[in-house]
Amino acid sequence: MQDDTFHDAVIERDPATGLSSDPATGHPRPPRREFKARGSFVSRCQGCNLPLLNCLCPYRVTAASGAKVWLLTHPLEHYKPTNTGRLIGDVLPDTEVFTWYRTVPDERLLALLEDERYAPFVIFPDDQPDYADRVVGMEAVAERQRGGRIPVFIILDGTWRQARRIFRKSPYLDRLPVLPLATERLTRYRLRKPASAEHLCTAEVAIELLRQAGDGEAAAVLDDYFDAFNDSYAASRRHEKIEVPTAAMRRLLARKV
């Protein structure tokens, strides 16, 4: 939560003025300066978005799970090659990704939230009293599953500040149960510095949720894929090529045989 299908708002420009229009009001506004992530000049693989020096594609393995993951992603996260939400979609192909806009909610997400096949849970800490009545535990996930519904983990994909803003500024999430992640895991994410070792990145949140929901195989695959991503990206930052696959990489390769 520190923090490929990509649903974005359409940006229309006036060819005469070069102005873009606000998707909520239609009013013209100056175009924003292009976002440049650190390392944007690096030659990257079109498949995994990692530097070609240590492409992750050979280690990509898909898995199945009884629960689904929907990512509600802050717009800036899509531009960051260090974003780990995309790893979830690589391993779980039916992962849904929605871009969050405060004034323009994704219509497809709204429709899916009304679909009775699914039992969605917003993944968020239970640290404030104003939504304490909505907080549930993992037993609620199992209960919905026994009732024939598909549990859905809605992960707010962004920095902690962005995630809190998404949670507070999205009225369509207000009626959903809140599932805090209870885990003793400390982050192994090395590409961004978290405020605390207890702050897991998006992929790590998904790994722990899958494991606790009983999808141990999917959790193990995603965990290894996350470690492979971590090692590959860190080595590329040092301009080093990984010549001998790591233990996680070898496990992923063995699953492909």
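Two strands are taken to pair if DSSP finds at least two bridges between them, and helices (H or I, at least four residues) and strands (E, at least two) are DSSP runs numbered from the N terminus. The structure is a predicted model, in which local features need pLDDT of at least 70 and side-chain atom pairs count only at pLDDT 80 or more, whereas totals for chains, interfaces and linings use all residues. Residues are numbered from 1 along each chain as its sequence is written, and side-chain values use heavy atoms, with hydrogens and water left out.

The protein contains seven helices and seven strands, which follow one another along the sequence in the pattern β-β-β-α-β-α-β-α-β-α-β-α-α-α. Of its 257 residues, 47% are buried, where buried means under 20% relative accessible area, exposed over 50% and partly exposed in between (1.4 Å probe, protein chains only).

Five strands form an open sheet in the order S4-S3-S6-S5-S7, with parallel pairing. S4 and S7 stand at the edges with a single partner strand each, so one side of each is left without a neighbour in the sheet. Within the sheet, S3 and S6 pair in the parallel sense over six bridges, and Thr 73 has Asp 157 of S6 as its bridge partner. Strand S5 (residues 118–123) pairs with S6 (residues 150–157), also in the parallel sense and over six bridges, with Val 122 bridged to Ile 154 of S6.

S5 is mostly covered, six of its six residues being buried. Tyr 118, Pro 120 and Val 122 point one way from S5, while Ala 119, Phe 121 and Ile 123 point the other way, and all are buried.

Together with helix H3 (residues 138–146), S5 and S6 make a right-handed β-α-β unit, a crossover being right-handed if, with the strands pointing away from the viewer, the path from the first strand over the helix to the second runs clockwise. The buried residues of H3 are Met 138, Ala 140 and Val 141. Seen down the axis of H3, these buried residues fall within an arc of 155°, so they line one face of the helix; the arc is that of the directions from the helix axis to the C-beta atoms. Cover for the buried residues of H3 comes from elements including S5, S6, S7 and helix H5 (202–212), contact meaning heavy atoms within 4.5 Å. On the face of H3 turned away from its buried side lie the exposed residues Glu 139 and Arg 146. H3 is followed by Gly 148, which has a positive phi near 90°.

In helix H4 (residues 160–168), the buried residues are Trp 160, Gln 162, Ala 163, Ile 166 and Phe 167. Viewed down the axis of H4, they fall within an arc of 160°, so they line one face of the helix, and they pack against S3, S5, S6 and S7. In helix H7 (residues 247–256), Ala 248, Met 249 and Leu 252 are buried. The buried residues of H7 fall within an arc of 100° when seen down its axis, so they too line one face of the helix, and what covers them includes helix H6 (216–237).

Rings of Phe, Tyr and Trp (its six-membered ring) pair if their centres lie within 6.5 Å, with planes under 30 degrees apart counted as stacked, over 60 as edge-to-face and the rest as tilted. By this rule the count comes to seven aromatic pairs. In one of them, the ring centres of Trp 70 and Phe 98 are 6.2 Å apart and the planes stand at 75°, so the pair is edge-to-face. Trp 70 lies in strand S3 (residues 68–73) and Phe 98 in strand S4 (residues 96–99), so the pair ties together parts that are 28 residues apart in sequence. Both Trp 70 and Phe 98 are buried, and ring pairs link these two residues and Tyr 118 into a cluster.

Tyr 101 lies in the loop between S4 and helix H2 (107–113) and, at 23% relative accessibility, counts as partly exposed. The C-alpha atoms of Tyr 101 and Thr 73, which are 28 residues apart along the chain, are separated by 9.1 Å.
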